[in-house]
Amino acid sequence: MDQPTVGILHPGSMGAAVAGCAAANAATVLWCQAGRSAASAARAAEFGLTPVSALPELLDRSDIVISLCPPAAAEELASDVAEHAFTGLYVEANAINPERAQRITALLGSDATVVDGGVVGSPPVGGKTPTLYLSGAANATERIEALFAGTAVRTAVLGTEVGKASALKLSYASFQKASRVLVALAVGMAREHGVDQELLEVASRRTDSYLSEPQYVAKTAARAWRWGPELEEAADVLEAAGLPPEMLRAATSTLARWNDVKDDSELTLTDALDRLVQP
């Protein structure tokens, strides 16, 4: 099989690492410099991605485009791609609800082939192996499986229906991310009453519980700017299914209190808990 040229939109921490894995089976992996930060450029360089100056050049040269961006930007980004009449394979890999994935498919479908995708797991660095779940036309998902064959990104096909991969991603995210929020609230409550160490001692007897990992609260806070929108998407899915969305919307509200510590790797558990307390 010929090696395709791949474009990544845009190289965040997950996108850059996933694109770096794709490079193993691609002729080249492109990214667009226009409007991107110095941090994006550094990530792209770290994973050996090739810069282009503008989106039209990336689309003209790419056989496959992978969209991995904050959920709120997914449709706007797809609209930009549609304006340029991209005719290749578009992997919609953002944490969005199935209805939005289907809208993007309708938006691009007259020209491009769209595969629904959802990444479950951490970025593929340091021995971590996330799974990229796929749903869409069989010939298209086969191309994506081939693109990541032998790399740290595993692939799993869920069928031909667009929306299945997005649904699985949000189903998992709703549990995993909301559980981390509950840990922060439980530890915060215990700290307020001077029993936080006792709580952690109780939790240490249950090693299968997120409560036994309070140090992760600070990491949750640093990722809140990304996790909140994902849980909003998951809440929309629950509401559309006639299920109660209030728990996930409440978790989103809690995460919003951490929005000002975006990607702060120096944040401590005490700092994170302090920021949850309203003045």
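Predicted model: local features only at pLDDT ≥ 70, side-chain atom pairs only at ≥ 80, totals over all residues.

As general background, nonpolar side chains in soluble globular proteins tend to be buried together. Here, the largest nonpolar core has 27 residues, and those touching the most other members are Ile 8, Ile 64, Ile 66, Leu 68, Ile 144, Leu 147 and Phe 148. Two or more residues each come from strands E1 (5-9), E2 (28-32), E4 (64-67), E5, E6 (113-120) and E7 (131-135), and likewise from helices H1 (13-22) and H6 (138-147). Which element gives the most to this core? That is H1, with 5 residues.

Setting aside neighbours within four places in sequence, Ile 66 is in contact with Val 6, Gly 7, Ile 8 and Leu 9, with Val 91 and Ala 93, and with Leu 147 and Phe 148. There is also a second, separate core, of 26 residues; its members include Leu 200, Leu 231, Leu 248 and Leu 267.

I turn next to helix H7, residues 164-192. Its 29 residues reach 42 Å from the first C-alpha to the last, close to the 42 Å expected at 1.5 Å a residue. After H7 comes Gly 194, with a positive phi near 70°.

Now to Asn 97, which sits in the loop between strand E5 (89-92) and helix H5 (98-108). Is this residue, Asn 97, buried or exposed? With a relative accessible area of 7%, Asn 97 counts as buried, because that value falls under the 20% cut-off. Beyond its neighbours within four places in sequence, Asn 97 is in contact with Ser 166 and Leu 170, and also with Glu 233, Asp 236 and Val 237.

Finally, the cysteines. How many disulfides does the structure hold? The number is 0. For Cys 21, the closest cysteine sulfur is that of Cys 69, and because the separation is 19 Å, it is too far for a bond. For Cys 32, the closest cysteine sulfur is again in Cys 69, at 13 Å, and therefore too far for a bond. Cys 21 is buried, at a relative accessible area of 10%, and Cys 32 is buried too, at 4%.

Thank you for your attention.

Note on methods:
Residues numbered from 1 in each chain as written. Heavy atoms only, no water. Helix = DSSP H or I, 4+ residues; strand = E, 2+ residues; numbered from the N terminus. Buried < 20%, exposed > 50% of the residue type's maximum accessible area, 1.4 Å probe, protein only. Contact = heavy atoms within 4.5 Å. Core = buried A, V, L, I, M, F, W, Y, C linked by side-chain atoms within 4.5 Å. Expected span 1.5 Å × (residues − 1). Disulfide = S-S within 2.5 Å.
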